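User: Please examine the structure shown below and answer a series of questions about its packing, strands, charged pairs and pockets.

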Amino acid sequence: MDGCPNVAFTPSEPMNSDTKYEVKVALGKLVDVPDKYKVMKFPVKTIRQSFTVNNLAIKAFDDQDLKWQYLSGMVHTADVASDKNVESLVKVTLNNHSLPLIWEHSGDGRNHTFTTDSLERTNATQELTVSWNGKPLDVNSEGEQKVELPALDQFKVTEVRVVQQPQQYLVLRFSDPLDKEQNLEGLVTIDKSSKNLRFLVDNNTLQVFTPSPLTGEHQIYISEGIRNALGYKLGKSSGMAVRFEDLKPAVKFIGKGTIMPSSDGLILPFEAVNLRAIDLRVIKIYTNNIHQFFQENQYDGNSDIKRVGRLILQKQINLNVSSFSKLKNWNTYKIDLAKLIKIEPGAIYRVQIRFHKDYSVYGMSKLSDHQTSAIDELEASRKQEKEMEQWDEPGWYSDYYYPDGYDWSQRDNPENISYFNSNRFVAKNLFATNLGIIAKGGNDKSMNFAVTNLKTTEPESGVALKIYNYQDQLMETLTTDADGFANVQLKNKPFLLVAEKDGQYAYLRLDDGSSLSLSNFDITGGVVQKGIKGYIYGERGVWRPGDRIYLTFILEDKNHQLPEQHPVIFELVNPKGQTVSRQVKTAGENGFYCFTAKTDADAPTGNWQAVLKVGGQTFTKRIKVETVKPNRLKINLDFHAKQLIYSPEPLHGTLKATWLHGGIAKNLKARIAVNFSAAKTAFPKYANYQFDDPSKDLVSEEQNIFDGRLNEKGETGVDFKLPKLTSAPGMLNAFFTTRVFEETGDFSIDVQKIQYAPYSSFVGIKLPGSESGWYKTETTYPLDIVTVNPKGEPVSRKGLKISVYKVDWRWWWDSGEDHLARYVTGHYRRPVLQGTVNTVDGKAKASLKIPYKNWEDNGRYLIYVTDPVSGHSTGITAYFSKWGGWATDGMQGMATMLHLRPTKTSTRLATK
């Protein structure tokens with residue numbers, strides 16, 4: 001039992017392809033049902049396994065370097081296939097040598113991408129052979145395709161083809177990446193015209209969109225004036241005849257929303273092409289079942305819909321147009337559902353549009369005289385009665401539909417019945433209301449509500465608001481004031497808000513994960529952790545062994561979070577990780593706390609750490625201890641910027657030194673070394689995003705970047721290169737240690753810190769907040785993704801790779817240097833989901849849904865995103881379970897937590 005009353009059947013071994021099975025369920029042994037339902041029988045048939053290899057294309061890694069290319073392709077399987085078997089299907093050879101393939105597999109097990117990189121273009125044309133054999137999948141299919149790798153000095157057209165779905169356009173593939181800034185008008189024409197053509201350049205591919213769909217044969221002209229990314233022209237014009245096929249039958253809804261303001265009817269707009277009719281199906285989700293519906297769904301969901309709704313309408317709708325030719329193009333239609341069904345206030349309606357081969361006009365030149373026979377009508381009536389009987393029996397509902405005689409290899413052929421399956425149908429939920437709700441929750445479980453009229457935008461007063469918990473128990477009842485506002489202080493976590501006024505209803509889920517993302521708006525200033533801020537400073541930048549170190553800590557507690565005489569703990573830690581001084585102070589002067597620590601004469605040199613702890617917060621400062629004499633020179637290293645960014649070209653700075661008495665320090669020897677430490681990667685406009693890679697640990701050693709002399713003016717230019725440091729999790733702090741040597745050999749030293757960006761761009765991700773820290777499996781969450789340059793300005797990126805790993809671990813106990821017992825985990829990673837996404841103006845949104853099969857799917861996941869251009873990557877870990885919370889029973893690898901409660905309500909910290 002997979003969480004009663006769902007029953008999941010998982011075969012112990014893969015079922016045979018294209019095979020019918022009869023399933024018998026002893027339902028009477030599980031639940032109390034009438035006798036006729038004690039044994040439930042139903043047939044199932046597995047899909048016939050098959051596969052296709054397509055989308056073969058050669059592209060350049062870099063627009064400015066045409067020498068190195070890569071080949072990519074796609075394998076689509078009809079049914080789920082193991083990664084190992086799929087990787088055995090395809091072989092790529094060049095000059096009779098097999099090339100290694102890099103695979104990426106989608107979470108559904110049906111879409112698989114392969115690439116082979118490091119293909120070098122030479123002075124001669126080369127030919128790759130992509131071959132495939134279906135034996136690993138027990139599929140009798142094999143073949144091969146030749147792919148040309150053009151010579152390095154050739155810029156030419158390599159492919160011309162037409163893409164029909166989901167939108168018709170012409171694809172022109174070239175041997176080189178194209179210049180994205182060139183004006184292509186007139187350089188590509190269809191039937192000697194470029195009027196109203198739209199162009200889209202993607203690497204070495206040019207997509208040409210026509211103002212309206214084309215059919216039949218048309219002449220394509222490609223001008224010699226087209227330039228590649230390096231500015232070289234094509235050199236030779238060409239023309240050819242290309243055949244545009246009829247648009248395939250399809251339907252699509254207009255708009256993506258579910259909520260519609262109430263009107264005289266409930267209007268459903270949609271578009272269709274090459275269809276003379278459609279089948280309209282309406283499922284009503286009853287008002288008194290709404291809470292149960294939202295327990296498993298958002299507004300647009302359809303999970304377990306059979307428990308809360310029922311099919312109330314199934315009707316053929318003829319698509320009447322003024323002429324047959326209009327059916328061949330996309331047309332807009334509308335259906336008033338209020339004329340077909342009685343609209344119940346508060347009910348949600350799931351509307352599906354289906355179509356069959358008999359409705360298609362694909363390939364026709366005129367409308368046939370189609371008449372439905374009495375036998376056809378009788379058969380349709382029989383099928384409808386049988387389906388309605390299923391709504392009265394236990395089980396589940398699915399929009400899944402494949403016709404009898406389905407052949408996967410013919411799934412894209414509109415002249416075959418296999419084309420007309422559930423993948424072609426569309427469905428959406430509709431809910432009519434004039435009430436719009438905005439809810440905002442606080443960390444203290446307070447909530448504020450605003451209700452407005454969606455038609456007039458005016459505030460709605462006198463609206464009854466009822467707040468329910470997840471178990472459908474009423475928590476609070478409110479009424480909006482004259483301005484449409486209401487607020488409440490809750491004791492427990494709410495789940496659903498129901499608003500009602502004058503027969504109008506509105507619903508809003510209040511759980512974690514249902515809130516809207518505010519990441520695209522600059523809504524925060526500086527975030528104060530736990531209500532306090534702190535800053536540490538010293539009287540100088542470098543100390544010697546044996547010196548006293550005088551430090552001052554400034555504490556700001558504007559909200560008086562800390563009680564009087566709250567302890568402030570100071571620790572001085574040497575480079576070996578040893579605490580050499582620990583002090584506790586319970587009183588300061590106007591928030592200033594002074595600490596003095598003395599180092600031994602033989603104390604180790606290097607980077608020490610000052611650690612201040614107060615109110616659950618920790619503040620740190622690096623303390624530099626070196627064996628040096630007091631500086632006699634003033635050193636100024638200027639990079640003319642507040643931030644350094646990695647570049648393969650040398651960076652420039654200016655070094656200047658003067659004697660402390662003001663004299664020019666001319667002709668002195670100078671040496672500059674640099675070291676790096678990880679810094680928090682953050683940008684003000686994206687405060688809630690994670691930009692650092694948790695899987696990377698910085699590996700850095702101090703290295704010299706300059707060794708020279710000052711000129712007669714005590715100055716010199718500093719040209720240097722900084723390493724890219726691919727092990728960097730994100731932004732870094734670069735510490736420049738400058739030594740200027742006197743003629744006697746003594747030297748003065750200065751340490752300067754500046755932010756260093758080892759990547760040309762950074763990718764950040766964010767999940768919606770979760771109060772408990774857990775998320776639910778089988779629930780779709782928005783994953784917000786941004787790409788920015790080192791200054792935090794948005795940049796667009798293509799092909800961001802998203803990977804989701806299930807992190808399995810075993811625990812052992814460890815005590816960290818913060819003296820708080822914590823868990824440390826050794827783990828390995830296995831991929832669960834993979835995909836790619838593009839950012840436009842630096843923003844993208846992906847959907848994250850962790851599938852649930854058994855207990856092993858509960859636990860910790862790593863969500864990982866990589867920018868292929870800059871090489872930067874980031875990741876966040878999140879906990880998922882079926883319940884969206886912690887449950888240790890049966891969960892492997894989970895540590896048992898022991899909760900301790902003090903016997904005293906307050907204690908005093910010993911100061912000895």
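Analyst: The model is predicted. Leaving aside its neighbours within four places in sequence, Thr-737 is in contact with Lys-624, Arg-671, Ile-672, Ala-673, Glu-702, Ile-749, Asp-750 and Val-751.

User: Is Thr-737 buried or exposed, and what is its relative accessibility?

Analyst: Thr-737 belongs to strand S47, which covers residues 732-741. Buried means under 20% relative accessible area. Thr-737 therefore counts as buried, with a relative accessibility of 2%.

User: Which residues of S49 lie on each side of the strand?

Analyst: Strand S49 spans residues 762-766, and five of its five residues are buried. Both faces are covered. One side holds Phe-762, Gly-764 and Lys-766, and the other holds Val-763 and Ile-765.

User: Which residue in S51 stands opposite Ile-765?

Analyst: S49 and strand S51 (residues 781-788) run antiparallel and are joined by five bridges. Within this pairing, the residue opposite Ile-765 is Ile-785.

User: Which strands stand at the edges of the open sheet of five strands?

Analyst: The order of this sheet is S34-S40-S39-S36-S37, and its pairing is mixed. Two strands have a single partner strand each, so one side of each is left without a neighbour in the sheet. These edge strands are S34 (542-543) and S37 (579-585).

User: Which residue in S40 stands opposite Leu-612?

Analyst: Strand S39 (residues 606-614) and strand S40 (residues 617-625) run antiparallel, with nine bridges between them. The residue in S40 opposite Leu-612 is Phe-619.

User: Which residue takes a positive phi in the hairpin of S14 and S15?

Analyst: Strand S14 (residues 198-202) and strand S15 (residues 205-209) run antiparallel and are joined by five bridges. Leu-200 stands opposite Gln-207 in this pairing. The hairpin has two residues between the strands, and the one with a positive phi near 60° is Asn-203.

User: How many residues apart in sequence are the parts that Asp-867 and Arg-797 tie together?

Analyst: The side chains of Asp-867 and Arg-797 form a salt bridge at 3.2 Å, N to O. Asp-867 lies in the loop between strand S55 (859-866) and strand S56 (873-881), whereas Arg-797 lies in strand S52 (residues 797-815), so the parts that the pair ties together are 70 residues apart.

User: What are the relative accessibilities of Asp-511 and Arg-509?

Analyst: The side chains of Asp-511 and Arg-509 meet in a salt bridge of 2.6 Å, N to O. Asp-511 is buried at 15%. Arg-509 also counts as buried, and its relative accessibility is 12%.

User: Which residues are linked with Glu-539 in a network of salt bridges?

Analyst: Glu-539 and Arg-540 meet through their side chains at 3.2 Å, N to O. Arg-540 is partly exposed, with a relative accessible area of 37%, and Glu-539 counts as partly exposed at 43%. The network links Glu-539 with Arg-540, Arg-544 and Asp-547.

User: Which strand gives the most to the lining of the second largest pocket?

Analyst: The second largest pocket holds about 1,300 Å³ of space. Of its 49 lining residues, the closest to the centre are Asn-54, Asn-55, His-76, Arg-411 and Asp-412. Elements that give two or more residues include strand S3 (51-62), strand S4 (65-77) and strand S10 (142-149). With seven residues, the strand that gives the most is S3.

Technical notes
Residues numbered from 1 in each chain as written. Predicted model: local features only at pLDDT ≥ 70, side-chain atom pairs only at ≥ 80, totals over all residues. Heavy atoms only, no water. 1 Å grid on protein atoms, 1.4 Å probe; cavity = no way out; pocket = protein on both sides within 12 Å on 5 of 7 lines; lining within 4 Å. Points joined across faces, edges and corners; volume = space filled by probe spheres on them. Helix = DSSP H or I, 4+ residues; strand = E, 2+ residues; numbered from the N terminus. Pairing = 2+ DSSP bridges. Buried < 20%, exposed > 50% of the residue type's maximum accessible area, 1.4 Å probe, protein only. Contact = heavy atoms within 4.5 Å. Salt bridge = Lys/Arg side-chain N within 4 Å of Asp/Glu carboxyl O.
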